[in-house]
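Here is a short report on cores and sheet packing. Please look over the sequence and the model first.

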Amino acid sequence: MLIVCLYVDDLIFTGNDSGMFEKFKKSMMAEFEMSDLEKMHYFLGLEVVQSKMEFFVCQKKYVGEILDKFQMKDCNPASTPTEFGLKLHKDLEGKKVDSTLYRQIVGSLIYLTGTRPDIMYAVSLISKFMESPTKMHLLAAKRILRYLQGTKDFGMFFKANEKSELIGFTDSDYAGDQDSRRSTLGYIFMLGTGPISWSSKKQPIVTLSSTEAKFVTATSCACQAIWLRRILEELQLKQEGATTIFCDNSSAIKLSKNPVLHGRSKHIDVKYYFLRDLCNEGKIELKYCPGEEQLADIFTKSLKLHSFLNLINLMGVCSRKDAKL
């Protein structure tokens, strides 16, 4: 998910750069009949509160609507979107549930992930079973709704920052999928103080080691980094030097730099060595970070409450009250 906020130019642009938006508005108004409504407050379910130096975006009203729609507005709140260590699988012997209802819940939650990266992994997990959901899958979906009950006003908080440096975090859960044994990849990119792009999904191949799983995930993350660098350059936020991507696997980092093939890497598809070229060209730099600081961890597995709260705080997800706007 990528969020590009053209209405917050005062936060991320300074000097002559902010004039780009004024020129754009004037050219549009000259071509089309339109009105300048100044700062945005509400658009397509997104609620925006902003000041000169900060802004907060959430979907509180939309959360209330989906809780009401699925008769969960009076449910007891949950502290996390998934139970710690939850592993869902195809439940062939389980009790079937209304697949239409299940798909409606998943579809509604997918739209919410635009401002709620904290539920990205959980929504990605339940979306795998839309073809034939059972009671087990429905309970997992309702757990997410219960979590939203207690975090209705959560959203993303951004602060003005002199350095608009793009930083990525990448992680994987080796062989996490119980049915296909594929690993789950996750990454998130931060620009300044807030997240702008994140993902959680199954890897396209079955990997044979945790090192390979991390390497494949890092390659996907690097491709996204190159795309984001081009977008930011168009927005006059050209990134100087290499984009840093943090990974918690030393072997994967070494593999991105070491041209010597060995038993654990010679079978990896050639296309994934695109990462090595990016590192050699100085566009991407993989760095090690400890697990407790790995933001992408929240996109690959169910976490304990303490770890979950720590990571959402680091990525700038908080309540409207905590944002103090």
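A nonpolar core is a set of buried Ala, Val, Leu, Ile, Met, Phe, Trp, Tyr and Cys residues joined through side-chain atoms within 4.5 Å. Buried means under 20% relative accessible area, with a 1.4 Å probe and protein chains only. This is a predicted model, in which local features need pLDDT of at least 70, side-chain atom pairs count only at pLDDT 80 or more, and totals for chains, interfaces and linings use all residues. Residues are numbered from 1 along each chain as its sequence is written, and side-chain values use heavy atoms, without hydrogens or water.

**Cores**

The largest nonpolar core has 51 residues. Leu109, Ile126, Leu145 and Leu148 have the most contacts inside it. Helix H6 (135-150) is among the elements that each supply at least two residues. H6 gives the largest share, 7 residues. Helices (H or I, at least four residues) and strands (E, at least two) are DSSP runs, numbered from the N terminus. A second, separate core has 26 residues, including Ala222 and Leu286.

**Sheet**

Five strands form an open, mixed sheet in the order E7-E6-E5-E8-E9. Strands pair if DSSP finds at least two bridges between them. E7 and E9 stand at the edges with a single partner strand each, so one side of each lacks a neighbour in the sheet. E6 and E7 run antiparallel, joined by 8 bridges.

Two helices pack here. Contact means heavy atoms within 4.5 Å. Angles run from 0 to 180 degrees between N-to-C directions of axes, which are lines fitted to C-alpha atoms, for helices over the stretch in contact.

| Helix | Residues | Angle |
|---|---|---|
| H7 | 210-234 | about 155° to E5 |
| H8 | 250-257 | about 150° with E9 |

Note on methods. Buried means under 20% relative accessible area, exposed over 50%, partly exposed in between (1.4 Å probe, protein chains only).
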